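Open your viewer and get ready to click along with this tour. We'll go stop by stop, with something to select at each one.

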Amino acid sequence: MQFVIGLLVMSISTMASAEIFMCKDSAGHTYTSDRPIPECAGQAIREYGKSGMLKRRIAAPLTPAQQQEKAEQEEKKLAEQRAQQEQRHADRALLARYHSEHAIAQSRQRDTQSIEKQIEQQNAALAIAEKEQQVAQTALNARMEAGSIPASLKSRAARALQALRTAQTELDDSKARLDGVNKKYDLLLQRYRELTAITETATLR
């Protein structure tokens, strides 16, 4: 190694008017030259100035797989930065809108009250639809036993069944919407408590 370094110093001193490139090929052989070295294509290169001092290190070019990995890492980093920025914006908006947990509870009540009233009405409509469907089905069964089913009765039974299904679907949708609103406020309350705890801790310090 000392011999190689000695050769390098000698090369640099004898070629003081030029910059020196030094590298190792894939087999581990060391090369020095006053111009880019073909044998070291794709390898890391060190460039020395006219004074013999290391001027810069030229990293080996990335392989396609390394380039892909680097691009993915950069994209992941950017996504994380965007997410952090969006979270900071959301946190500021949350603290600006709500000044207490009671304010969050009041807002939740306002947003859920109309949905709960709608669910109450839909439960009543579902009960009526279930009753009508049962009456229609009972009448249909009775006529089936008699061996004659009027078209009007078939139509009535079909409409009653469709009305029952529609009422059930609307009720399920409203319940899902209510659940979504409550989950949203649960998360808001949790984040509000986290932020206020951080603020209180910073104040105590």
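Which residues of helix 3 are buried? Select residues 101–146 to get helix 3 on screen; helices here are DSSP runs (H or I, at least four residues) and strands are DSSP runs too (E, at least two), numbered from the N terminus. Now highlight Ile 104, Ser 107, Arg 108, Thr 112, Ile 115, Ile 119, Gln 122, Leu 126, Ala 129, Gln 133, Ala 136 and Leu 140: those are the buried ones. Buried means under 20% relative accessible area, exposed is over 50%, and partly exposed is in between (1.4 Å probe, protein chains only).

Before you click on, a quick word on what you're looking at. This is a predicted model, where local features need pLDDT of at least 70, side-chain atom pairs count only at pLDDT 80 or more, and totals for chains, interfaces and linings use all residues. Residues are numbered from 1 along each chain as its sequence is written, and side-chain values use heavy atoms, with hydrogens and water left out.

Stay with helix 3 and check its ends. Just past the helix, click Gly 147, which has a positive phi of about 90 degrees.

Two strands pair if DSSP finds at least two bridges between them.

Select strand 3 and strand 4 (residues 54–58): 4 bridges join this antiparallel pair. Ile 45 has Ile 58 in strand 4 as its bridge partner. In the hairpin they make, with 5 residues between the strands, Gly 52 takes a positive phi near 90 degrees.

Last, click Glu 47 in strand 3 (residues 45–48). Is Glu 47 buried or exposed? Glu 47 counts as buried because its relative accessibility is 3%. Its side chain makes a polar contact with the side chain of Arg 56 at 2.4 Å; a polar contact is a pair of N or O atoms within 3.5 Å, where, within protein, one must be able to donate a hydrogen and the other to accept it, and residues adjacent in sequence count only if both atoms are side-chain atoms. Glu 47 is also the bridge partner of Phe 21.

Methods
Expected span 1.5 Å × (residues − 1).
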